[in-house]
Every structure is written in C-alpha cells, then in structure tokens.
Amino acid sequence: MGRAFEVRKAAMAKTAGAKTKVYSKYGKEIYVCAKNGGADPETNLSLRRLMDKAKKDQVPAHVIDKAIDKAAGGAGENYEPARYEGFGPGNCMVIVDCLTDNANRTITDVRNCFTKTNAKIGAPGAVSHMFDHQAVFQFAGDDEDAVLEELMEADVDVSEVEEQDGKITVYAPHTEFNNVRTALTNAYPDLTLDTEEITFIPQTETEISEEDRPMFEKFMDMLNDCDDVQDVYHNAVLPD
C-alpha cells in the first residue's frame, strides 16, 4: 500500500503545476469548507486541517484569509462537489474530484480530457470501489510497532502502519483523521508531519507502458489545466 501512495504522490507532484493553480485550488476549497462548516477553525476541524495543509504547500496567508473572509461575508459563488470516474490511458483507473459552480461546463471539460486521450469516462462508482478512502500520515521514524502501540492505546482505528526508508506511514479510515492526528501529536509532541491528508489509495496498480506514457501524461496535464478540478487519484505506475 505504501508504494502505491508514494507512486501517486510522485505522479501528482508534476500536476501540482503552477503556483497560481495551487493557490486557486486551495482558495476555492477553503471558501467552500468555511461557508459550509463555519469560518472559525477552532470549531470547524475540517477547515483547520485544510488551512494546515495549505500552509505546508506554501499558500500565502492572504490567500487563506481572503477565502475565509469571503465565506464569512456570505457572498460569492455556490460551489458544489462533483466526482467523475473512468479509465485513463493504459486502462488505469481514475477518480477526478471537482468543485464547480457550473456542472455542465465541468462535465464537458472533464469529458474532453478523457475523449482526447483515448480514455473512457464511466458512470458513478465505476472505479471508486477499487480504492480505499483513507487518512494518511507520514513522518520520519523507524519503529512502526511503537507507533501502532500508541495509536491502539488511544483507541484509534488504524488500517496499517509501515516503515520504509526511514519514514513511518499510518493509514486509517478517513473518518479517523482527527483521532489519528490527535493521538500522534499527544504521543509525540515534537512530531513534524510530512504528510497529513485524506485521499484515495488504489487497491491494485496498473503498469503504464512506454507506449501509453505520453498519452497518460497529456491526460494528467489536461485535467490539471481544468479550473474546476481539485484532485485526481489513479492507480497508474509509470515505467522508471
């Protein structure tokens, strides 16, 4: 599982792309989170998690503050989540998460990414059953047994704890995100979390051939260029 997570992270690093895209993505997501759950991160834990993640990705404070102020003011767009699933180049499985204020525009843009790269968009649920919706935490360490013991003593539901190359990775059901984070910070007050996110982890991997690689990369670039696309999850493994 750990390798699949690292593979997805590496593949998505490229699609994180220009800073303006990253800022826009976080601004929209923070706005929606604050509007739906309240603008106070002390009471809206999802907002606090999102703000922490944005800061780690070096999103400027003024971008975060502007999105929260906009939500608190009650004005602005009404964004709705939209999820599309299908099979990308090389027959890999893909989940595309969006935030949109115009569903017709978004589905047209996303469908074009599929059709122009010989990929196939599917019906809701077409591939998501082949992914695990997980909370993932990663930090420096080499004793996964000690970490697992701390989490078990805190009565946290954990799927897996593993160590690889001096990094501990903790996987848990997405509903356990705050419980895991609290347990880790209580057990290790000086802990620096390299990764803390809720994501989709593929249950299987699909090897992308050298022949399919250019089309896969074009597919990912096209999705990243769509303003409404927030996250892309896939099970593709690119050749070294």
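This is a predicted model: local features need pLDDT of at least 70, side-chain atom pairs count only at pLDDT 80 or more; totals for chains, interfaces and linings use all residues.
Zooming out, E4 and E6 belong to an open sheet of 4 strands, ordered E5-E6-E4-E7 and paired in antiparallel fashion. At the edges sit E5 (160-164) and E7 (195-202), each of which pairs on one side only. Going from one strand to the next, the twist averages 30 degrees.

Two helices pack on this sheet. Helix H6 (residues 144-153) touches E4, E5 and E6, and its direction makes about 155 degrees with that of E5. Helix H7 (residues 177-187) touches E4, E6 and E7 instead, with its direction at about 15 degrees to that of E4.

Then there is a helix-on-helix contact. H5 (residues 103-115) and H8 (residues 213-225) pack with their axes 9 Å apart, at an angle of about 170 degrees. With angles over 145 degrees counting as roughly antiparallel, that label therefore applies to H5 and H8. On the H5 side, the contact is made by Val 110, Asn 112, Cys 113 and Phe 114, while H8 brings in Phe 219, Met 222 and Leu 223. By type, these contact residues come out as 6 nonpolar, 1 polar and no charged.

As for annotation, an unreviewed UniProt entry assigns residues 79-236 to "domain: TACO1/YebC-like second and third". Over that stretch, the chain is 30% helix and 36% strand, and its end C-alpha atoms lie 29 Å apart.

Terms used:
Residues are numbered from 1 along each chain as its sequence is written. Side-chain values use heavy atoms; hydrogens and water are left out. Axes are lines fitted to C-alpha atoms, for helices over the stretch in contact, and angles run from 0 to 180 degrees between N-to-C directions. Angles under 35 degrees count as roughly parallel, over 145 as roughly antiparallel, 65 to 115 as roughly perpendicular and the rest as oblique. Contact means heavy atoms within 4.5 Å. Ala, Val, Leu, Ile, Met, Phe, Trp, Tyr, Cys and Pro count as nonpolar, Asp, Glu, Lys and Arg as charged, and the others, Gly among them, as polar. UniProt positions are given in the numbering used here, feature names are shortened, and annotations may be inferred rather than shown by experiment. Two strands pair if DSSP finds at least two bridges between them.
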